[in-house]
Amino acid sequence: MSGTGSPLIGVSLKMYMGLERTRGWMTELAAMVGTLPLIPYELFVIPSFLSIGDAVRILDNTGVGVGAQDVFWEDSGAYTGEVSAPMLAEAGCSYVEIGHAERRALFGETDADVALKVKASVRAGLVPVLCVGEVVEGDPGAAVDACALQLDAALDGIPSDSDLVIAYEPVWAIGAQQPASPPFIRDVARGLRQHLASFPNASLIYGGSAGPGLLGKLEGTVDGLFLGRFAHDIGALHDVLMEAGLAANNCE
Ligand SMILES: O=C(COP(=O)(O)O)[C@@H](O)CO
């Protein structure tokens with residue numbers, strides 16, 4: 001569960017939608033969350049940098065948090081093309097995604113870069129959504145070991161009471177037809193929880209082809225989901241939020 005004890009659902013729009021389509025999606029989202037019964041969940045949305053302003057405006061007063069897909073580790077200065085954590089906070093972001101598999105693979109982002117970005121984000125009062133995951137499909141123990149190395153590198157020197165979201169995303173399940181199997185996710189989640197024991201305010205969510213029907217099968221081993229493509233359909237996201245409400249009730 002998140003810091004409030006409610007399931008945490010995140011959505012990254014990656015670079016799928018242009019500005020106009022993103023505005024339409026956000027508008028549909030704002031209307032949809034307004035129709036939901038009072039179910040306990042927390043939701044955050046991560047559009048491209050260019051749509052952060054629209055997201056903050058359209059989602060104002062809906063309770064939906066806004067985040068960014070990346071951040072630079074310096075606060076200000078001559079860093080052409082970069083966006084700092086204080087800028088994101090000023091723009092209205094509460095979350096920042098760091099170390100996504102696509103950034104690691106396509107842009108050469110290293111564990112050392114990720115660690116600097118996590119530090120900068122915590123310094124600016126943003127909640128890092130730290131993505132970790134094994135590249136090759138194997139057994140859950142190997143997955144935990146791979147993630148543990150990424151976590152140790154990224155969280156070195158981070159105060160243990162920091163608010164964090166850890167997104168466990170097996171790289172082989174991102175952009176796939178279906179997520180990793182629920183028993184696999186449950187096993188890895190248990191291992192990651194043990195590894196994260198010294199960070200009591202860290203929420204653990206699963207990402208990688210997540211969509212409707214998954215959360216209920218994870219039996220409280222994760223605190224929520226991180227959705228990509230399968231949240232483009234607002235109806236599917238609605239179903240996930242309803243499941244989050246059921247999961248919250250089952251935990252009471
Ligand atoms: O990469 C992610 C999962 O994307 P899918 O499209 O669901 O495979 C995760 O970071 C959420 O965007």
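Over how many bridges do strand E6 and strand E7 pair, and in which sense? Strand E6 (residues 164-168) and strand E7 (residues 202-207) pair over five bridges, in the parallel sense. Two strands count as paired if DSSP finds at least two bridges between them. Helices (H or I, at least four residues) and strands (E, at least two) are DSSP runs, numbered from the N terminus. The model is a predicted one, in which local features need pLDDT of at least 70 and side-chain atom pairs count only at pLDDT 80 or more, while totals for chains, interfaces and linings use all residues. Residue numbers start from 1 along each chain as its sequence is written.

Eight strands form a closed barrel in the order E1-E2-E3-E4-E5-E6-E7-E8, with parallel pairing. From one strand to the next, the twist averages 25°; axes are lines fitted to C-alpha atoms, for helices over the stretch in contact, and angles run from 0 to 180 degrees between N-to-C directions. Alanine 167 has isoleucine 205, in E7, as its bridge partner.

Burial can be followed along the strands. A residue is buried if 20 or more other C-beta atoms lie within 10 Å of its own, exposed if 12 or fewer, and partly exposed in between, with C-beta atoms placed from the backbone. In strand E3 (residues 65-68), Gly65 and Gly67 point one way and Val66 and Ala68 the other way, yet all are buried. Phenylalanine 226 belongs to strand E8 (residues 224-227) and counts as buried because it has 27 C-beta neighbours inside 10 Å. The C-alpha atoms of phenylalanine 226 and glutamate 169 are separated by 8.6 Å, although these residues are 57 residues apart along the chain.

Helix H1 (residues 19-35) has two contrasting sides. Its 17 residues reach 25 Å from the first C-alpha to the last, close to the 24 Å expected at 1.5 Å a residue; the expected span is 1.5 Å times one less than the number of residues. Thr22, Trp25, Met26 and Leu29 are the buried residues of H1. They cover an arc of only 100° around the axis, and therefore lie on the same side of H1; the arc is that of the directions from the helix axis to the C-beta atoms. An α-helix has 3.6 residues a turn, so residues three or four places apart point the same way. On the other side of H1, Glu20, Ala31, Gly34 and Thr35 are exposed.

Most residues other than glycine have a negative phi. Asparagine 61, in the loop between helix H2 (52-58) and E3, has a positive phi near 70°. This asparagine 61 counts as exposed because it has 7 C-beta neighbours inside 10 Å. Serine 209, in the loop between E7 and E8, also has a positive phi, of about 60°. Serine 209 counts as partly exposed, with 19 C-beta neighbours inside 10 Å.
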